[in-house]
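Here's a quick briefing on a single-chain model, put together for someone who likes to know the cut-offs. Have a look at the sequence and the structure first, then read on.

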Amino acid sequence: MSGARFSTHSSEPAMPPPADHGDIGSVPTSARTLHAPAYAKVNLSLEILGRRPDGFHELVSVSQIVSLADHLTVSPAADVHVTVEPPVVDEHDNLVRRAAEALVLATSQTNGATIVLKKAIPLAAGLGGGSSDAATTLRLLDRLWGTRLGHTQLAAIAATLGSDVALFLAGGTSLMRGRGEDVEPLPAARTFWLVLICPGGSPPDKTRALYHALSPDEWSDGETTLALAERLRSGGTIEGQPLVNSFDRAADRVYPNFPALRRHLADLTDAPWQLTGAGPTLFARFATAIAARGAAQVLQRAGIDAHIARTIARRPAIRASRAPAARFLP
C-alpha cells in the first residue's frame, strides 16, 4: 500500500498522555497531540432475525455507549506507529492499525502519526472494545491529518473494518440493523449506572461459536427491540420495557457454568443480569451510582471482579494538548 509507512508495537505502560489544555482549536496542528476515550457499549436489547443470503445474520439491537473506556492518543510523526499498552492485542487483530491503514488508503495520506492505545475494556467480551478503538482512531486521524471526511465517509470506511464500528462513530443510544452497520441515533436514554462482570473461559472465536450454537427457534421478529426504540423516540425510558438477547440460551450452552453464575449474581445483588452482545460479559442496571457501587462491593467481597460504568449520551470529544519536546526524548 502506498502512502504512510506502518509499524506496530506492544509495550508496557509508558508516560500518560499530556494534560488537556482545551479544545483542539487552541493548539497549532504542528504541535498538537489529540486524545479521546474509546467507550464500550452494551446491548440493551438484541434480536437475531435470521440468516441472510450472504451467510451473515440479520440483527436488530438498541445499543448504549457506557463510560468504561480505552484511551487513544495520536500525534504527528513521519510514519504511522501503533503502540498498545499493555500488550494484549495481537498485531493481526489490531483494529487501530487496520483503521489507520483504511484511512490512508481512502485519502492517499502521506503523513504519519504516533498512535498509543491504552487498553481497559476486556477483550472479546461483547463490549465492542476493538470496534470502539477503530472508530476513535478514524475520528482522531481524520482531525489530525485535516482530511475532514465527515460522518458519512467515515462510516463507509468503518463498515469495511467490522459490523459495529459505525456504532461508535454515532455514540450515545442507537438502533442497529443489518449486520450492525446500519445505525440510527436515538434520543439518549435516561442516565443509569451499570455493574459489569466478564467471566473467563470463553472458547476461541467465541462469537462464531455463539452463532453456531444459536438455533433457528431462537431467532425472532425484532418486535421487542423495535418497541424499545420507538419508546425512546417518543421520549420514554427503558424502565419497565422488556429487554432481550437472542444469544441468552446459546450462551448458557457455550459458556461454562453460565446459568449457575447468573443465579449467583442475582442472589448476591438482588438484581437481574443481562448478556451484552455475544458475551460473556453480563451487566446489571442501577438507578444511582451509590447503588451500583454497593453491588460492586458485594461482588468484590465474593471474589468477583466488577466494573462500574454509567451511560454516555454523546460520542467522546476530541481534546488537544501541547506536548513539550522533552517528553518524547529517550
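Strands S9 and S10 (residues 282-286) pair up antiparallel over two bridges, where pairing takes at least two DSSP bridges between two strands. Strands here are DSSP runs of E with at least two residues, helices are runs of H or I with at least four, and both are numbered from the N terminus. Keep in mind that this is a predicted model: local features need pLDDT of at least 70, side-chain atom pairs count only at pLDDT 80 or more, and totals for chains, interfaces and linings use all residues. Residues are numbered from 1 along each chain as its sequence is written, and side-chain values use heavy atoms, with hydrogens and water left out.

- Leu275 sits opposite Leu282 in S10.
- The sheet they belong to is open, with four strands in the order S9-S10-S8-S11 and antiparallel pairing.
- S9 (274-275) and S11 (307-310) are the edge strands with a single partner each, so one side of each has no neighbour in the sheet.
- Helix H8 (residues 258-269) lies across S8 (193-197), S9 and S10, at about 20° to S10; angles run from 0 to 180 degrees between N-to-C directions, with axes fitted to C-alpha atoms, for helices over the stretch in contact.
- Helix H9 (residues 289-301) lies across S8, S10 and S11, and runs at about 20° to S8.

**S3 and its partners**

- Strand S3 (residues 57-77) is mostly covered, with 15 of its 21 residues buried, meaning under 20% relative accessible area with a 1.4 Å probe, protein chains only.
- S2 and S3 pair antiparallel over 16 bridges, and Ser45 has Val62 in S3 as its bridge partner.
- The two strands make a hairpin with five residues between them, and Gly55 in the turn has a positive phi of about 95°.
- With S6 (residues 173-177), S3 pairs antiparallel over four bridges; here the bridge partner of Gln64 is Thr173 in S6.
- With S5 (residues 112-118), S3 pairs antiparallel over seven bridges; Ser75 stands opposite Thr114, and His71 opposite Lys118.
- S5 also pairs with S4 (residues 80-85), in the parallel sense and over six bridges, which puts Glu85 opposite Lys118.

**The cavity**

- How many cavities of 30 Å³ or more does a search of the whole structure find? There is one, where a cavity is a set of points on a 1 Å grid over the protein atoms alone at which a 1.4 Å probe fits but cannot get out.
- The largest cavity has a volume of about 70 Å³, taken as the space filled by probe spheres set on the points, with grid points joined across faces, edges and corners.
- Its lining residues (an atom within 4 Å of a point) include Tyr39, Ile65, Phe168, Arg139 and Arg315.
- Strand S2 (32-51) and helix H2 (129-144) are the elements that give two or more residues to this lining, and H2 gives the most, with three.
- By class, the lining has five nonpolar, three polar and two charged residues. Nonpolar covers Ala, Val, Leu, Ile, Met, Phe, Trp, Tyr, Cys and Pro, charged covers Asp, Glu, Lys and Arg, and the others, Gly among them, count as polar.

**The whole chain**

- The chain has nine helices and twelve strands.
- Buried residues make up 49% of its 330 residues.
- Of the contacts (heavy atoms within 4.5 Å) with a separation of 6 or more, 79% are between residues 24 or more positions apart.

Terms used:
On a 1 Å grid over the protein atoms alone, a cavity is a set of points where a 1.4 Å probe fits but cannot get out, and a pocket is an open set with protein on both sides within 12 Å along at least five of seven lines; lining residues have an atom within 4 Å of a point. Buried means under 20% relative accessible area, exposed over 50%, partly exposed in between (1.4 Å probe, protein chains only).
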